[in-house]
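Try each task before you read its solution.

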Amino acid sequence: MNSILLSVIIPAFNVREYIIECIDSLTEQVSIPYEIIVVNDGSTDGTGTLVEQHYAANDSVTVITTQNQGAGLARDTGIAAAKGDYLFFCDPDDIVCEGMFSEFSDVINAHPETDLFCFNSITFVEEQPERTQFKVRHTLSGLTQAREVLSSLLANGRYTSAAWNYIVRKALVIKHQLSFHDRVHEDHCFTLGAFLHAGQAWVSKETYYRQRIRNGSLTNSHKPDHYFQARYDAFTQSLDVLSANTDNSPLSQRIRRNYLLHSFRLMIYISMYNRTDVPPPVIDAIRVLGRNIRPENLKERLLLRHPKQFILLQKIKTANEMRRTATA
């Protein structure tokens, strides 16, 4: 290994209010050979200048300023500049919990063949930080194969394509030419590729990531039509990645099945919480791609064989949940 174990890449656009708390949560970790690369993505609120001034005495923090290009290309810029053996993509308004660097370092020292370091994560509401819930919650722990981790997350409904979901070996990213491209849904193919190409993974029992849910963020705002088209395009591109990198083994078949079911449900639920109709291509995809999936329970049968009825029932359920949340 070289002198830098971990490169943390943070794409940052107009996050002056949050960026220092984010970076401090990293610099306050137990010291390991690391670097923090903040890609200032054309911010107009002084984000880049604030970081440069605040961390002027910290040689581990570097700011790269670019024209606004979106989080995907900002991360690609960070990858090109990274000197570490491993990469961690942190969002600029989130918080990394104490202990992550320490356990990661211990794992790599004990198991240097590890390609992926995985952990649990939670979300918290900006105005009510005590309101938390699990985002990623692993059912496996310790050393295991990356594909088994992927299959497990898909099966328990806790898979997310978010790039902050893991630490990945840089050599794997370079070898398989993994990259981010688009402004939204830019991480679907990257994350899927990381899990499919990785060999050994370590799954921590700890929760090391806090995702902030804030007003005005893409996660928590009304989404326009082009967002859903981009999400569907990411889905089809991900299917190409799956097809190219899986075989007819039982594990591969299980991953493909679970990925389809997970994606169908997610695309439906995104529309529900956005109070918009499920796009017709999604319903068509369920009918065509779900035709060869054998349902294992009543809910799957309804989704795969009668998607419109499934959507109608989910609309009622989602509306009730949103009313309860609004009055909580």
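**Exercise 1.** Find where Ala 162 lies, and decide whether Ala 162 is buried or exposed.

*Solution.* Start with the chain: Ala 162 sits in the loop between α5 (146-155) and β9 (166-169). Helices (H or I, at least four residues) and strands (E, at least two) are DSSP runs, numbered from the N terminus. The model is predicted, so local features need pLDDT of at least 70 and side-chain atom pairs pLDDT 80 or more, while totals for chains, interfaces and linings use all residues. Residues count from 1 along each chain as its sequence is written, and side-chain values use heavy atoms, without hydrogens and water.

Next, check the cover. Ala 162 counts as buried because its relative accessibility is 10%; buried means under 20% relative accessible area, exposed over 50%, partly exposed in between (1.4 Å probe, protein chains only).

Last, look for partners. Leaving aside neighbours within four places in sequence, Ala 162 is in contact (heavy atoms within 4.5 Å) with Asp 187 and Thr 191.

**Exercise 2.** Work out which backbone nitrogen the side chain of Asp 41 reaches.

*Solution.* First, locate Asp 41 in strand β2 (residues 34-41). At 3% relative accessibility, Asp 41 counts as buried. Now follow its side chain: it gets to the backbone nitrogen of Gly 70 at 3.0 Å. Beyond four places in sequence, Asp 41 also touches other residues, among them Phe 13, Thr 66 and Ala 74.

**Exercise 3.** Say which helix holds Ile 316.

*Solution.* Ile 316 belongs to helix α12 (residues 307-327). With a relative accessible area of 49%, Ile 316 is partly exposed.

Key: Polar contact = N/O pair within 3.5 Å; in protein donor to acceptor, adjacent residues only side chain to side chain.
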